[in-house]
Amino acid sequence: MAPTHVLRCCQRGLAWIPVIFIALVVCWSYYAYVVELCIFTITSIGEQIVYLIFFHLSFIMFVWSYWKTIFTKPANPSKEFCLPKAEKERYEKEERPESQQEILWRAATSLPLYTRTGAGAIRYCDRCQVIKPDRCHHCSACDMCVLKMDHHCPWVNNCVGFSNYKFFILFLAYSLLYCLFIAATVLQYFIKFWTLCRRKSAENCPKNELPDTHAKFHVLFLFFVAAMFCISILSLFSYHLWLVGKNRSTIEAFRAPVFRTGSDKNGFSLGFRKNIAQVFGDQKKYWLLPVFTSQGDGLTFPTRLVNVDAEQATVTLHPEPNKSSADVPVSPLSESQNRLLSNEQHANNTGDHLANNTLKSAESETITISMESES
């Protein structure tokens, strides 16, 4: 037992190495840009002031969003998704999967669940002993179930999910802006220092050439590091912007969620604008700030209703083959789902009305033709 505990502590300690590495690189980049470039290299006071103002703005937003991504605790399922004590004891004693599923179906009756496993069963975490809410997954690195889990990121040593996904997006955005600003402003001095390094003698250098000091090594390396991180972050940031527009997590992009009607990769997509609001909230003035503004509670999410009977007033979970429809747990619709269902019912009623009109007109034409033929 003790060796396992020690091993776990060592793993947690080693998990901070990527974060420490990023922190050291950021601290060095601050020194290289502010001291070596702006103070020792740039001679124009106006250029120094402009560079330092915009650098510190991007630096503060980058560090702020990175901090929030790292130290925001992942959201976990609430107590209502835990099995009652008596049901949990029965579940643990049962050996047959069918009997265990019956216990889970009864416990899930009052829960707002619309997704399940690929086999149509209730999603249950044996490790955390909770019924998984929609879009919730177990993280083996954090050893917990995380609401709307996207992925576990080693560079922040944290799970990216419902509670900090907006912070993660802003962290990518501001880190990209930080690297782009450094690369763009350092480029001219990088070229001058690079040219200086290739001179064979100082006598061949023009008078307006920069002096050959130790600052050149910081400036050269600063440009290479900024460009390298910029390329890698750009691809990751673009991918997550695409995921936000589709209202998918990284897990759902690789494995589509399963609903009552089957798997649907666009099951949580509500349209581009509403998908953006799901992550960043309704108030646009807070979109660029690393403060929590995401919609919902992470336990329930509005869904696209596909192939739903318009006469049904509720959404039901599809039971196992050996269960009757009376045993199916019924969950109330969310507000957004009611709106979607009402629109679908209106569309169906409009279609039925048009079909009835067409049928009546066809019947009247048939009667008219018959009367003309008889006459």
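This briefing describes selected helices, loops and residues of one protein structure. The model is predicted, so local features need pLDDT of at least 70, side-chain atom pairs count only at pLDDT 80 or more, and totals for chains, interfaces and linings use all residues. Residues are numbered from 1 along each chain as its sequence is written, and side-chain values use heavy atoms, with hydrogens and water left out.

- The unreviewed UniProt entry places the feature "transmembrane region" at residues 15-42, 49-67, 167-191 and 217-242; UniProt positions follow the numbering used here, feature names are shortened, and annotations may be inferred rather than shown by experiment.
- Residues 49-67 are 100% helix and 0% strand, and the end C-alpha atoms of this span lie 27 Å apart. Helices (H or I, at least four residues) and strands (E, at least two) are DSSP runs, numbered from the N terminus.
- For residues 167-191, the distance between the end C-alpha atoms is 35 Å, and the span is again 100% helix and 0% strand.

**Residues of helix α3**

- Gln-48 belongs to helix α3, which covers residues 45-71.
- With 16% relative accessibility, Gln-48 counts as buried; buried means under 20% relative accessible area, exposed over 50%, and partly exposed in between (1.4 Å probe, protein chains only).
- The Gln-48 side chain reaches the backbone oxygen of Ile-42 at 2.6 Å.
- Apart from residues up to four places away in sequence, Gln-48 touches Cys-38, Ile-39 and Ile-42; contact means heavy atoms within 4.5 Å.
- Phe-55 is also placed in helix α3, and its relative accessibility of 0% makes it buried.
- The C-alpha atoms of Phe-55 and Leu-177 are separated by 9.8 Å, although the two residues are 122 residues apart along the chain.
- When residues up to four places away in sequence are not counted, Phe-55 touches Ser-29, Tyr-30, Tyr-33, Val-34, Tyr-178, Phe-181 and Ile-182.
- Thr-69 is a further residue in helix α3, and it is buried, with a relative accessible area of 0%.
- A polar atom of the Thr-69 side chain lies 2.7 Å from the backbone oxygen of Ser-65.
- Beyond its neighbours within four places in sequence, Thr-69 is in contact with Val-156, Asn-158, Asn-164, Phe-167, Phe-168 and Phe-171.

**Packing of helices α7 and α9**

- Helix α7 (residues 215-246) and helix α9 (residues 272-280) have axes that come within 7 Å and cross at roughly 110 degrees. Axes are lines fitted to C-alpha atoms, for helices over the stretch in contact, and angles run from 0 to 180 degrees between N-to-C directions.
- The two helices, α7 and α9, are therefore roughly perpendicular to each other; angles under 35 degrees count as roughly parallel, over 145 as roughly antiparallel, 65 to 115 as roughly perpendicular and the rest as oblique.
- Val-244, Gly-245 and Lys-246 of α7 make the contact with Phe-272, Asn-275, Ile-276, Val-279 and Phe-280 of α9.

**Loop residues with positive phi**

- Most residues other than glycine have a negative phi.
- Arg-135, in the loop between β2 (130-131) and β3 (137-139), has a positive phi near 70 degrees.
- Arg-135 counts as buried, at 3% relative accessibility.
- Asn-157, in the loop between β5 (151-153) and β6 (158-160), has a positive phi of about 50 degrees.
- Asn-157 is buried as well, with a relative accessible area of 18%.

Notes. A polar contact is a pair of N or O atoms within 3.5 Å; within protein, one must be able to donate a hydrogen and the other to accept it, and residues adjacent in sequence count only if both atoms are side-chain atoms.
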